[in-house]
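Keep the structure open as you read.

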Amino acid sequence: MSGRKRNAIKTGMIGLLSQSISLILQIISRKCFIQFIGEEILGLNGTFASILSTISLAELGFQNAVAFHLYRPLAEHDREKINAIVNIYKTVYRALGIFFCVVSVLLLPFLRYVLKGVAVTNEIYLFFLLQAMTSTCSYFLAYRRTILFADQKEYVYKITDAVMNIVFKTAQIAAIVIWHSYPVYLILQIIQVYGSNLIVHFICKKRYPYIEKVRFDRAYAKKMLSDVKEISMGRFAGYVYSSTDNLLISSFLGPVCVALLGNYSTITTNLRFLTNSVLSGMIPIIGNYLAEGEDKRRQEEKFYIYQHLRYAISMVLLIPAFVLIDDFVILWVGESFVLSFTIKALLIADQLLILLYGACADYITAKGLFRQSRVVLSAAAATNLAVSVIGVLVWGMEGVLAGTVCSQIINLTGYGWMMYQSFFDQKKGGYRKYLLKNLHFIVTFVITAALCMYVYACLPMTVSAGRFVVGGIVCELLVAVLYLLFNCRNSETRRLISMFVSLAKRKWKERRQ
């Protein structure tokens, strides 16, 4: 097995473990937060995170540009070039950290406009500034993480983050339960972020001792900034998807509604993060395959195998989540926190579409086609914002989520069009094939989800932990059977099964030796 594949598998397994631990700790933390501090403060926490995401737009994709520019120097062991790039990144990020601090303070008078129904006191200002300090810490020491990512050593900081997360999340939960203190919770969060970045900083100093302070290379910085311009629209679009929902809901419906939605989105979003953590090592491998110059037919086959893998994972994770999430919320925080069926369906649809077009996004990132993606991202972000603003006035929380789903449909179709313009053969009905495959994915997902819901509803048990566990097992079995039934003649399914069987055999032989 090549070093690249070994690192990708190691990163994926560590990512899966760390994200699973993070999800469990978040579930426990939110439960304690609601019980001992209250959903209004929890809603404030989510709203503040969205506001601070607005300020972090100042970064506008600089990190992605740096990672892209580091791939070749790391492969060629060009230490002079690596030094120049890392020092540019460090200088820019320190300036951005200072900018972030200043803007955070200047935003204080405007908090009253996004916190509907909340009396904005000095205590609220303190909470906001403490949360801003957590984000600020990332700007001053985190720049070395990018070299680990570009060098396919992402697992190094994932292990560090996982250990620090366990220690400090446990301490935060204790602070909530024992002292009922939100400020202590935030201070521990600051220490966690700073400590984690400090440890990674020293690890990088040992792994890359040749990195030292050099003269700021203005010419190369200018070249990198040209790539930042292309990435910035993607960064802005990501902000529109992830942060404006909470801001709109807080401004029109109040922070408590942010907390209610957060109970559901914590589960659905973390399931997507779980998938991305497992697959995060794939982008450098994809870039290598593209660089090898295989014919378009072979590249297209590999793309569809990768997309089919993402579809299979979405079936396994999202369908049981869709069926069981209401009962989970009842067992977790209480029946009064259950939201409508429409909200649940829109949240799952959002995550499904992201996972499906994520294959295209990874190929486009690996190839560095930042400029070409601007039109798609601009259209999707504009649609999201327009539909969400109108939707929140007409339909409330459901209207905001409907805007997000509409934008993801644009991404799914637009990214596919880009793929066939840039990589594959457009003339032989390739794009039509892409649309039909994704339609097949969505239809089979909906049918499977409906059947799983029907079977779960027929279980002769009241809402309980036992019903939840039995329902989960039944759902996963039904998903497996229906997946094979719908895809048994599919070449991608056969290839994936063959790959997993070969991997299992190899691992078995290695253990026996």
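Which residues have the most contacts inside the largest nonpolar core? They are Phe 48, Leu 111, Leu 115, Ile 147 and Phe 303, in a core of 135 residues. A nonpolar core here is a set of buried Ala, Val, Leu, Ile, Met, Phe, Trp, Tyr and Cys residues joined through side-chain atoms within 4.5 Å. Its largest share, 18 residues, comes from H13. Helices (H or I, at least four residues) are DSSP runs, numbered from the N terminus. In soluble globular proteins, nonpolar side chains tend to be buried together.

This is a predicted model: local features need pLDDT of at least 70, side-chain atom pairs count only at pLDDT 80 or more, and totals for chains, interfaces and linings use all residues. Residues are numbered from 1 along each chain as its sequence is written, and side-chain values use heavy atoms, with hydrogens and water left out.

Look at Ile 147. Leaving aside residues up to four places away in sequence, Ile 147 touches Leu 70, Leu 74, Ile 82, Val 86, Cys 204, Tyr 208 and Ile 211. Contact means heavy atoms within 4.5 Å.

Now the charged pairs. A salt bridge is a side-chain nitrogen of Lys or Arg within 4 Å of a carboxyl oxygen of Asp or Glu. The count comes to nine salt bridges. One of them joins Asp 327 and Arg 467, with the closest N and O atoms 2.9 Å apart. This pair links distant parts of the chain: Asp 327 sits in helix H13 (residues 296-332) and Arg 467 in helix H18 (residues 465-487), 140 residues apart. Both Asp 327 and Arg 467 are buried (under 20% relative accessible area with a 1.4 Å probe, protein chains only; exposed is over 50%, partly exposed in between).

Arg 145 and Asp 161 form another salt bridge, at 2.8 Å, N to O. Arg 145 belongs to helix H6 (residues 145-150) and Asp 161 to helix H7 (residues 154-179). Arg 145 is buried at 13%, while Asp 161 is partly exposed at 26%.

Glu 76 and Arg 72 pair within one helix. Their salt bridge spans 3.5 Å, N to O. Why can they meet? They are four residues apart in helix H3 (residues 62-76), so about one helical turn separates them. Glu 76 is partly exposed at 48%, and Arg 72 is exposed at 60%.

Finish in the loops. His 77 lies between H3 and helix H4 (79-106), with phi near 55 degrees. His 180 lies between H7 and helix H8 (182-207), with a positive phi of about 55 degrees. Most residues other than glycine have a negative phi.

Note on methods: Helix = DSSP H or I, 4+ residues; strand = E, 2+ residues; numbered from the N terminus.
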